[in-house]
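This report looks at how two parts of one protein chain meet. Please view the structure before reading on.

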Amino acid sequence: MNQFILPADFDVHTLVELLKNETAVSPQESIIEQWSLYDTFDWRLYNKSLSLLRVGRRFTLQTLATGTTAVQLELDEPPQFVWDIPHSPLRTKLAPIVSMRALMLLANITQKTTNHRILNKDEKTIAWVNLASYHTPQESDLPLLQLVTVQPVRGYNKAEARLAEQFKAQQFKENDGAVIPLLLLACGYNPGSYSAKLNVELKPDMRADTATNMILRYLLQIMKMNERYIKQDVDTEFLHDYRVSVRRTRSALSQVKAVFPEAQTARFKQDFKFIGQLSNQLRDLDVYLLAENDYKAKLPRFLQDDIQPLFAYLQSKRQGALQAVVDGLESAEYKRIMQDWELFLEEPTQDDETAVNAAMPILKLAQKRIYKRHQRIIKNGSVILVDNRDELLHDLRLECKKLRYLMEFFATLFPPEKISLLVRQLKQLQDNLGDFNDYCVQEKYLLHVAREMPMRGKASRDALIAIGCLVGTLHQQREQVKSEFANAFNQFASPPNEALFTELFAPQKNGKKKKGGQA
């Protein structure tokens, strides 16, 4: 099969006349279909080389490259979430990819296809030429895309080759058979472009203030891209990505020290603390509501239905929490902060006596900050091996989070395979500390909710029993995770890891005190 992209303004009749020059052409009846394309905001299907296509009631998960069907299912209405899809191969295939993200409508497209039989002098079919044109519902004179495909007939391969050469002679661009990526580009999308992960290319000799500014600009764009969808309450991950960018911004202002004027740094640290607090309650509720199935699985079967009033109560609180976030994002104070922040990042760099690290090469500053944070974690973690009080574990979790942010900020300054290995090792320790913290917080929160839930007869009393059972299970898991800390920490602090941290980040041992500003 050979496929070519026709110029948008290429006249179909011209193509038919071109084919008639050497062969007889018998056009078949045209087929028109209405397509709807779906993916998540962060392109989870596209990034797995898949697309979800709706034609009528039929939803098809197919490969991007060839359009090969993976699974299909007929549905009356488009699902917003995976759990809206009945249990089926489609749901099974989508669930681990899409997770809690909403399936968003990207485009409605009209496809018109016309097959043309190519006949020889004996009026035998020697090839098929398929012309496909794609329009939006607001159909203009020019289509989004036109494709012509030559399909061979057994025994007449030379005819296919000859037709393909004709199209090449017309300077038609060859296509590999992928249609959806072309349509997305034609609709103005940049498929796969969004990622909440930091992706900022830094140069080792770049000024520290310039490099930090680039990181903060990237984080601001992530915040702005998610803000609109938080207000629309499309899915919970918009708020999650937004909050992560806010936390990273605060971390950069706190950890990448003395690259900006002290007064402005202090002001914006407070501003972003305020912004982060706007959505604390909503995010907490989202986390507990998303954990409903997991929580029920931790209970004996005879208690799983009894805990349902807990989630009904949390859901009833969520609308008020969401409205508080929307009000906060639309408040004059929030708009002033964001406007001032954007102006600050756009201002040209100015000398300031408090910004003593501004001109330092970013590689040098990154190494100093990362190595210092790492050494603190090793010291504090070693103490916990003999004194594992809860508060020490909580403090170490925060230290690890700060180190993770630093390593992600400056990852492009170091060999990818080495920095990735260290981040993975750090993440394993973070998983242990994060699980311990989550269990602690969940115990406390669920007991608080149990006390404030309205009591309405037997169902409420049964819910309290189920909550108590759940808290007991969480406490057992918390203690199990706590017992696993030593192993997680010792892996992170292993000699090979320590040697790699030293290689990448430790100060040079040249007998001279390193010059440089405050770090």
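## A salt bridge to start from

In this predicted model, K317 and E452 form a salt bridge, and their closest N and O atoms lie 2.7 Å apart. Between domain 2 and domain 3 the count is two salt bridges. Nine residue pairs are in polar contact across the interface of these two domains.

## The domains

The protein chain is divided into three parts: domain 1 covers 2–187, domain 2 covers 203–279 + 308–355, and domain 3 covers 361–507. Domain 2 gives 22 residues to the contact, and domain 3 gives 23 residues.

## The buried area

How much area is buried between domain 2 and domain 3? The value is about 1900 Å², and carbon and sulfur atoms give 69% of this area.

On the side of domain 2, the residues that lose the most area to domain 3 are Q255, L310 and Y313. Together these three make up 32% of what that side buries.

## The side of domain 2

Which elements give two or more residues to the side of domain 2 that touches domain 3? They are α5 (208–232), α6 (236–255) and α11 (308–329).

Sorted by class, this side of domain 2 has twelve nonpolar, three polar and seven charged residues.

Notes. Residues numbered from 1 in each chain as written. Predicted model: local features only at pLDDT ≥ 70, side-chain atom pairs only at ≥ 80, totals over all residues. Heavy atoms only, no water. Domains from an automatic or database assignment. Contact = heavy atoms within 4.5 Å. Buried area = accessible area lost by both parts, 1.4 Å probe. Salt bridge = Lys/Arg side-chain N within 4 Å of Asp/Glu carboxyl O. Polar contact = N/O pair within 3.5 Å; in protein donor to acceptor, adjacent residues only side chain to side chain. Helix = DSSP H or I, 4+ residues; strand = E, 2+ residues; numbered from the N terminus. Nonpolar A, V, L, I, M, F, W, Y, C, P; charged D, E, K, R; others polar.
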